[in-house]
Amino acid sequence: MSATAMFPLGAVLFPHTPLVLRIFEPRYLTMLGHLLDEEDPQFGVVLIERGPEAGGGEQRNSVGTMARLVKVRAAAEDLILVAVGGDRITVDRWLDDDPHPRAEVSALPTLEWDEALAPLLGEAERIVRRVLARAAEFGEVQWDAGTEISDDPVESTWQLAAMAPLGEFDRFSLLRETTLGGLLRQLIDLSLDMESMLAALPPGEDS
């Protein structure tokens, strides 16, 4: 089994969603150099369970997402990497972090669509957009409530998961779902929980 370049982050990457990274640590600059030599450059992204993003020594979760490198551009003092989420993965074994984090990984099954889920997907989209608009009243959010999503139901489900204004461990729970129906139901439940929390906040108070 070949080694896969890995990038532990303080955020979850979902399939079919964008990722923008600022690269400045020597270990990740080395990783990027290796990736740019590949015909189809990809790397794994996992959520940091405990510890900082920079400097190493962090504890990492074992489920993540492959990211396909799309573009690299130079900034004033670092590089900006743009990628898009692909298949979900599980880490079979971490290797030495020399010269950068690496692991042996296996792909997780792709979630399958069933037309019977269409009403649930429609409900999830309405709720996520509503809660996202509400969250925007309390502060900056990563996504606009009117963001367009894919016509493909599997892709759009993951995109809605990314748009929902949730904490990273809730997002990690979504990433680990084994069925699309389970993902949609949990996305709805977590979004409604967030909506209740926002409703309890006094006007003008950020969560």
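Okay, housekeeping before we start. What we have is a predicted model, where local features need pLDDT of at least 70 and side-chain atom pairs count only at pLDDT 80 or more, while totals for chains, interfaces and linings use all residues. Residues are numbered from 1 along each chain as its sequence is written, and side-chain values use heavy atoms, with hydrogens and water left out.

Let's begin with the hairpin. Strand S4, residues 59-74, and strand S5, residues 79-94, pair in the antiparallel sense over 10 bridges. Strands here are DSSP runs of E, at least two residues, and helices are runs of H or I, at least four, numbered from the N terminus; pairing takes at least two DSSP bridges between two strands. Four residues sit between S4 and S5 in the hairpin, and if you want a landmark, Val63 stands opposite Thr90 in S5.

Asp78, between S4 and S5, links to Arg22 in strand S2, 56 residues apart. Their side chains meet in a salt bridge at 2.9 Å, N to O; the criterion is a side-chain nitrogen of Lys or Arg within 4 Å of a carboxyl oxygen of Asp or Glu. Asp78 has 13% relative accessibility, so it counts as buried (buried is under 20% relative accessible area, exposed over 50%, partly exposed in between, with a 1.4 Å probe and protein chains only).

Asp40 is in the loop between helix H1 (26-35) and strand S3 (42-50), 28 residues from Arg68. Arg68, at 35% relative accessibility, is partly exposed, and Asp40, at 39%, is partly exposed too. The whole structure has nine salt bridges.

Now, the largest pocket. Its volume is about 360 Å³, and 23 residues line it, with Gln142, Trp143, Ala162, Glu168 and Arg171 nearest its centre. S2, H3 (153-163) and H4 (168-175) each give two or more residues to that lining, and S2 has the largest share, three residues. By type, the lining has 17 nonpolar, two polar and four charged residues.

Arg171 and Glu168 form a salt bridge at 3.1 Å, N to O. Why do they fall about one helical turn apart? Because they are three residues apart in helix H4. Arg171 is buried at 7%, whereas Glu168 is partly exposed at 25%.

Definitions and conventions: On a 1 Å grid over the protein atoms alone, a cavity is a set of points where a 1.4 Å probe fits but cannot get out, and a pocket is an open set with protein on both sides within 12 Å along at least five of seven lines; lining residues have an atom within 4 Å of a point. Grid points are joined across faces, edges and corners, and a volume is the space filled by probe spheres set on the points. Ala, Val, Leu, Ile, Met, Phe, Trp, Tyr, Cys and Pro count as nonpolar, Asp, Glu, Lys and Arg as charged, and the others, Gly among them, as polar.
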